[in-house]
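Reader: I would like to check the labels one by one. Please give me the value, then the cut-off, then the conclusion.

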Amino acid sequence: MFITLVFFVLWVRAPSIDDVVLYSPANEAVEYVGIIRFNGTLGTPSIYRGPPSPEINAAWDRISLNARPIRMTLEQLLRTGEKPSPSMAGYPEEQGGGYMASIEVVHQLHCVDMIRRASWGEQDHATSHEFLPEVFRRIHLDHCIEMLRQNLMCRGDVTMLTYDWAKGVEGPLPNFNTPHRCRNFEKILSWVDEHSPKARVVRLEGNVDLTSPP
């Protein structure tokens with residue numbers, strides 16, 4: 001009976017699949033800052049909002065430019081569930097070795113920035129984005145939209161939106177000023193900067209090309 005009771009307690013305390021946290025070296029930078037109420041009022045000023053300008057573009061570049069690559073060790077790579085392959089980009093051993101990586105949130109912000117710029121009809125990305133022929137630019141934008149769709153559906157935010165009547169508007173309007181449990185993004189960004197390699201990624205001896213993009 002005692003053994004049965006022990007196994008029952010262990011089973012009850014075992015994390016469910018919903019509680020399992022995927023490994024990332026950046027997990028150590030995750031810090032919750034409590035409940036933050038989003039400011040979703042239409043027309044609210046923001047350093048990230050408005051027609052592209054040097055100031056606004058600089059604000060976006062700070063959080064998303066060039067995916068902000070970091071160095072990941074072989075041990076860290078294996079803990080993520082990935083396996084090394086000859087096609088993986090890395091750094092020379094004499095410069096520390098390791099694999100080129102970046103964190104998802106920076107890529108997702110890069111995608112939002114791409115869509116922001118396109119929505120304003122901005123064609124010159126020379127200051128912060130690679131120049132792409134129109135056909136590839138369209139593919140890039142569609143890729144970004146698709147990645148954001150998958151992320152939003154994966155996370156499935158179920159925060160409730162209420163609706164209010166507003167003067168001069170025929171139907172009720174959603175109130176986007178909703179509370180969310182947020183992480184300290186600046187701490188994550190600082191972690192990325194601290195782990196940014198000084199080495200330049202190069203094609204290493206033994207690297208091979210994938211037959212198609214990953």
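Reader: Why is D209 called exposed?

Author: The relative accessible area of D209 is 57%. Exposed means over 50%, buried under 20% and partly exposed in between, with a 1.4 Å probe and protein chains only. At 57%, D209 is therefore exposed. This is a predicted model, where local features need pLDDT of at least 70, side-chain atom pairs count only at pLDDT 80 or more, and totals for chains, interfaces and linings use all residues. Residues are numbered from 1 along each chain as its sequence is written, and side-chain values use heavy atoms, without hydrogens and water.

Reader: What makes D209 and R203 a salt bridge?

Author: Their closest N and O atoms are 2.7 Å apart. A salt bridge needs a side-chain nitrogen of Lys or Arg within 4 Å of a carboxyl oxygen of Asp or Glu. The distance of 2.7 Å is within that cut-off, so D209 and R203 qualify. R203 is exposed too, with a relative accessible area of 58%.

Reader: How many salt bridges does a search of the whole structure find?

Author: The search finds ten. One of them joins D61 and R117, at 3.6 Å from N to O. D61 lies in helix α2 and R117 in helix α4, so this bridge ties together parts that are 56 residues apart in sequence. Helices are DSSP runs of H or I with at least four residues, strands are runs of E with at least two, and both are numbered from the N terminus.

Reader: Are D61 and R117 buried or exposed?

Author: Both are buried. For R117 the relative accessible area is 0%, hence the label.

Reader: Which other partner does R117 have?

Author: R117 also bridges to E122, with the closest N and O atoms 2.6 Å apart. E122 has a relative accessible area of 14% and is buried.

Reader: Which residues are linked in a network of salt bridges?

Author: D61, D113, R116, R117 and E122 are linked in this way.

Reader: How do you know that C111 and C144 form a disulfide?

Author: Their sulfur atoms are 2.4 Å apart. The cut-off for a pair of cysteine sulfur atoms is within 2.5 Å, so the pair counts. A search of the whole structure finds one disulfide. It links distant parts of the chain: C111 is in helix α4 (residues 104-119) and C144 in helix α5 (residues 134-155), 33 residues apart. The angle about the S-S bond is -70°, and the link is left-handed.

Reader: Why are both cysteines of that link called buried?

Author: C111 has a relative accessible area of 0%, which makes it buried. C144 is at 0% as well, and is buried.

Reader: What about C154 and C182: buried or exposed?

Author: C154 is exposed, at 66%. C182 is buried, at 17%.

Reader: Why is the pair of Y48 and W60 called edge-to-face?

Author: A search of the whole structure finds one aromatic pair. The ring centres of Y48 and W60 are 5.4 Å apart and their planes are at 70°, so the pair is edge-to-face. The rule covers rings of Phe, Tyr and Trp (its six-membered ring): centres within 6.5 Å, with planes under 30 degrees apart stacked, over 60 edge-to-face and the rest tilted. Y48 is in the loop between β1 (32-37) and α2 (54-64), and W60 is in helix α2, twelve residues apart.

Reader: How do their accessibility labels follow?

Author: Y48 is at 28% relative accessibility and counts as partly exposed. W60 is at 8% and counts as buried.

Reader: What makes R181 sit over the ring of Y32?

Author: Its charged end is 3.7 Å from the ring centre. The test asks for NZ of Lys or CZ of Arg within 6 Å of the ring centre and within 35 degrees of the ring normal. R71 lies over the face of Y91, at 5.1 Å from the ring centre.

Reader: Where is I36, and why is it called partly exposed?

Author: I36 is found in strand β1. Its relative accessible area is 35%, hence partly exposed.

Reader: Where does L42 lie, and is it buried or exposed?

Author: L42 lies in the loop between β1 and α2. At 77%, L42 is exposed. L42 and F176 are 134 residues apart in sequence and 8.9 Å apart in space, C-alpha to C-alpha.
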